[in-house]
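Dear colleague,

I am passing this structure on to you, and the notes that follow set out what was found in it. Please read them with the structure open beside you.

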Amino acid sequence: MVKISNLIDFFEKNNTKFLEEWYHNIRLESNDIYKDEIKEIGLLMYQLVQKTLANSISKNELKEFAHKVAKKRVESNQNIGDFVYNVNYGRSLIINQVFSAEVTRNELQLAIERINVTFDHFCYFVVRKYTLLKEQQIEEKNLLINQSHKDKLSLLGQMSSSFVHEFRNPLTAVIGFVKLLKTDNPTLKYIDIIERELDQLKFRITQFLHTSKNEGAQEKRKEILTVQLLLEDIIKFLYPSIVDIDVNVSTNYAKDAFIIANENEIKQVFLNILMNSIDAINKKEKPREITVETILDKQNVLINITNNGPLIPDDTREVIFEPFYTTKELGTGIGLFVCRKIIEKHNGIISCISNEEKTTFSIQLPVLRKETPPLD
């Protein structure tokens, strides 16, 4: 084995010079809570290098030191890139010291190999532990956020129950009497508008119910439905709003697109997205356009609802399906959240893409296939 005792003595004599040069050239933030300990950490690393040259350091000792450093980097909330820079700068200084020492070529080669292996392992152990600790922090924050959402939904559930109890009975009575008036007086002026607005109000109440609904509750009955007929019903229902702002609605339906779903829930999704599309282009100059198309394959049916309204920014699209997020002045922030809940309950996927020319909401649902078991 090549002996490098002269090099070890050389490092012992030059540690002060090394630390001063290293400390004055590293990247150190003023808000680093451990900045006063940086010199001490540098000295310990220097001593580890001396042990490396003497071949008297264990992997566990290096890992233990690295984990302590990683923990402090996380606690100080500093950029791990700065740490890597500082370590590699220290490596460069140490290797330069090796070249200035009076050692043989074999000693030089062995010393550089040992130093590089030690620094490589040290960086790996620190960055790996730092990453694990950061991931743990993020997970804890996500749990806190999720719990906050659950608390909000629980509170909303209590509010909804009280609201529905106090409001639904008189609303049902009003809707019933309006239907009687319409039957007795089919030509009565404004009766269709009153009926439509009451249906809209009923729809909003249903949204709150879906938001606060217990996931463990018994699911509503599902049936075989034709996607085209569902969409045609919703477009017909929204016809007054479509005419009011002069929207050109074009459709392109795939034939024989059948799904197994709860009709009211799926209609609620289509209604919500189409209403949002109408709202999005309401203030836009003509032409105002909405396109509804369905694309069928062996496994799924894709429903695309597109409008030529304004761009939805990327940061908004990332949270658009989250509860209580809204860009509308008087929005509740639950409409698209409810849509996502319903689609996911039906084993589907809902997404949104947007650019300067158009915005598309896409809904993917499993289609009814020949091997699909019949409904009970």
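Predicted model: local features only at pLDDT ≥ 70, side-chain atom pairs only at ≥ 80, totals over all residues.

D233 is partly exposed, at 38% relative accessibility.

K267 also forms a salt bridge with E263, where the closest N and O atoms lie 3.2 Å apart. Here both residues sit in helix α10, and their four-residue spacing amounts to about one turn of the helix. E263 is partly exposed, with a relative accessible area of 25%.

A further salt bridge connects D314 with R317, at 2.8 Å between the closest N and O atoms. The two residues are about one helical turn apart because they are three residues apart in helix α11 (residues 314-317). D314 is partly exposed at 48% relative accessible area, and R317 is likewise partly exposed, at 24%.

Elsewhere, a network of salt bridges links K179, K182, D192 and E195, and the count for the model comes to 12 salt bridges.

Turning to helix α4 (residues 59-75), its 17 residues reach 24 Å from the first C-alpha to the last, which is close to the 24 Å expected at 1.5 Å a residue. Its buried residues include L62, F65, A66, V69, A70, R73 and V74, and just after α4, N77 takes a positive phi of about 55°.

Notes:
Residues numbered from 1 in each chain as written. Heavy atoms only, no water. Expected span 1.5 Å × (residues − 1). Buried < 20%, exposed > 50% of the residue type's maximum accessible area, 1.4 Å probe, protein only. Salt bridge = Lys/Arg side-chain N within 4 Å of Asp/Glu carboxyl O.
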